[in-house]
Amino acid sequence: MFGLGGYETLLLEGAWLTIMVGLMSMCLAIFFGLAGALAKLSTAWPVRALAEVYTTLLRGVPELVLILLIYYGFPTLIQDIGSAMGLEFIIDFNPFIAGTCTIGIIYGAFTTEVFRGAYMAVPKGQIEAARAAGMNRALTFRRVTLPQMWRFALPGLGNVWMVLIKATALISVIQLPELMRNADIASRSTRKPFTAFFLASCIYLAITLVSMLVQKRAEAWANRGIRRA
Amino acid sequence: MKRLLTIIAAVLALAMLAAPAMAKDWKTVRVGTEGAYPPFNRVDENGQLQGFDIDIANALCKEMGVQCDFVVQDWDGLIPGLLAKKYDCIIASMSMTPERKQRVDFTDKYYQTPAKFVAAKGSNFEISKAGLKGKIVGVQGGTTHENFVTDKFGDVVDIKPYKTLDEACSDLAIGRVDLVLGDSVAFVEFLGSPDGKGYGFTGPGYTDVAYFGEGIGIAVRKENPELTEMLSKAIAAIRADGTYKTINAKYFDFDIYGD
Amino acid sequence: MFDLIAKSLPRLCDGTVVTIWLTVLSVSIGLCMAVPMSLALVAKNRMVRWPVTAFTFYFRGTPLLVQIFLIYFGSGQFRAVLDGAGLWLFFRDAYFCAVLALALNHAGYAAEILRGGIMGVAHGEIEAARACGMSGAKLYRRIIMPIAFRLAWPAYTNEVVFMLQATSLVSIVTVMDLTGQARSIASRTYAIYEMYVTAAIFYLVLVYVLLYCFRRVEKRISAHLHARATPVATA
């Protein structure tokens, strides 16, 4: 219909997978981000140092290199450790899991910084009041700090999402049939690379547009009740 | 600190719960293949694998009485994938070179064809260091052909490695590269297509054992010699009983086994 | 293992030089395009603003990989047209396609970052300049742009670091940068770990050097904002 001789459905299927990978790795990234931010603010210096290494390494090395390292290197590493211990087993990460975990881990480094900034933006008075009321550290974090962190974290998280959803295109190098890879297959079969990739970019733009609208809504919700200066 | 240790222990425990080895009694054999190397292996419009390698693989599995499961993997990830145990053998027109033999074991050969250059008809490139000076040569990345061109002509030509031979041929057709080196049989589809009309073989066929090995074989991990044995026996069997000839005739009008 | 790395060093260094050049070229060309684009983004005239907004929306809303593929493989589809316009000679070269894609992408992001800087200039400064009689080009050249640059610098630093890492994608379209060389050696020797970890270390070093230079510039251009340790004596 769009000049791609029947391959349009392939692109849409790829788009669906792209969104799935994006959502799952975003959840993973948020999890790692919270963990990393807590680690960075911890009192034990080895934990802080580990978190520091995590964010520095994963933000300083190109994603393509990291994806290749993790997809091929990680299973080999675990299996080598296993055989050294006398256990013979097979770890088979299918590309979906490998890609999702990789992107989740990489962007966890970025969300760590977002959550760290959000934590420091919560007025200290709130935490003091909570402690004065007798809450211990964990309870304070869960009932007082975390709910308020979301408001400050949302813009940063929105930015990370924008970058993350485009990074999913890199998982095409490990054969996940997401949008980029399907566009590649379509371009090779129909010999119309420009058409195929242009359609793919239109789909990415649509995803971006929807994400921007959702982010606006989410920020409005998070800022409800806050008086603007 | 304690929490960190608990987490590490949990990860290791989870790792050990992973699938136990498809060990010594082979009921299912996972075959790794490229899926982008017609006529030997390709993925058709319905997502199914087709090709000479696929038919041979199915014939061998039938002969061995096991079930074949195919896994598609980009070319330069084939051997790393085998070593990472994503599949148990590679049937993807892989040459048995000395370099590769250091990492994996190979069965006996199941075919052998020379490597050749393809260029525009009438370009009359002289295949020597002087004749190719300043030219651009396309190859599939991670192949014996890339190694050959790098070593023999690397200092005078500009080498462009592509993900697949198909991409290299596409760029040849639009003039981005002057020549492409690859397996002579793998070019047949391109040369027969409308894009390949003005192109043809140029120069001699190459069969140096140091670069192209002793033919095309099946790669197996070194710790599975029994699988290598089984596959070699099966190859001999299908050659003896005529199955090989039937598959050969389906794709080529000459004997691809070589001598 | 280490002698393999030692033997590959010449090729990896060649690749690093390509990576550095790619970054320098795409950042400078992109920045040159971004300055007028950022001015267009704050223009009152819709006819000026909308095309540029569409440009930045496209280049920030689609993955860089798609943009590279579009320019490199897509230009092949239109070879006849480009031949006629005499442009095929450029698009034939993978390096040109790579720099073009990277530069356009960088321009899109840099224009938005600079726009943020321009909009962040304190209104008081602009009022004061207007009161002195400055207007139009002079106002922009003397007051707005210098301040906008200073405000945008930290965000721009991030963007340049991202560009450095983004160059690794050109290895997919046959440009032999650091990642391309590492992949090529890794597929020949099957030393996957060694090559990719070495490449990762090279990238980390490059990123740190880049960050160091940019942070020094940042300190320099915002020197007047840092509080003095000891009060300056007023005579």
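The dialogue below goes through chains, sheets, helices and domains in turn.

Q: What should I know before I start?

A: This is a predicted model, where local features need pLDDT of at least 70, side-chain atom pairs count only at pLDDT 80 or more, and totals for chains, interfaces and linings use all residues. Residues are numbered from 1 along each chain as its sequence is written, while chains are lettered from A and ligands numbered from 1 in the order in which they are written.

Q: How many helices and strands does chain A have?

A: Helices (H or I, at least four residues) and strands (E, at least two) are DSSP runs, numbered from the N terminus. Chain A has 8 helices and 0 strands. Its order from the N terminus is α-α-α-α-α-α-α-α. Along the principal axes, the C-alpha atoms of chain A fill a box of roughly 70 × 55 × 25 Å.

Q: How do I read the interface of chain C with chain A, and how many residues are in contact?

A: The size of an interface is often given as the accessible area lost when the parts come together. Here we count contacts instead. Two residues are in contact if their C-beta atoms, placed from the backbone, lie within 7 Å. By that test, 25 residues of chain C touch 24 residues of chain A. On the chain C side, the elements giving two or more residues are helix H2 (46-61), helix H3 (64-77) and helix H10 (192-221). That side has 17 nonpolar, 8 polar and no charged residues. For these classes, Ala, Val, Leu, Ile, Met, Phe, Trp, Tyr, Cys and Pro count as nonpolar, Asp, Glu, Lys and Arg as charged, and the others, Gly among them, as polar.

Q: How do I describe two packed helices?

A: Use the angle between their axes and the distance between the axes. Axes are lines fitted to C-alpha atoms, for helices over the stretch in contact, and angles run from 0 to 180 degrees between N-to-C directions. Take helix H1 (residues 2-41) of chain C and H2(C): their axes come within 8 Å and cross at roughly 125 degrees. H1(C) is therefore oblique to H2(C). The scale is: under 35 degrees roughly parallel, over 145 roughly antiparallel, 65 to 115 roughly perpendicular, the rest oblique.

Q: Which residues meet there, in H1(C) and H2(C)?

A: From H1(C) come Met37(C), Ala40(C) and Leu41(C); from H2(C), Val48(C), Arg49(C), Val52(C) and Thr53(C). By class, this contact has 5 nonpolar, 1 polar and 1 charged.

Q: Now chain B. What is the strand order in the open sheet of 5 strands?

A: Two strands pair if DSSP finds at least two bridges between them. The order is E5-E1-E6-E13-E7 (chain B), with mixed pairing. Strand E5 (67-72) and strand E7 (105-106) of chain B are at the edges, each with a single partner strand, so one side of each has no neighbour in the sheet. E7(B) pairs with strand E13 (residues 216-220) of chain B in the antiparallel sense, over 2 bridges. Asp105(B) is opposite Val220(B) in E13(B). Helix H9 (residues 225-240) of chain B lies across strand E6 (89-95), E7 and E13, at about 150 degrees to E13(B).

Q: How is chain B divided into domains?

A: Domain bounds come from an automatic or database domain assignment. Chain B gets domain 1 (26-112 + 214-251) and domain 2 (115-212). Their centres, taken over C-alpha atoms, are 25 Å apart. In contact are 12 residues of domain 1 and 15 residues of domain 2. The domain 1 side has 7 nonpolar, 2 polar and 3 charged residues.
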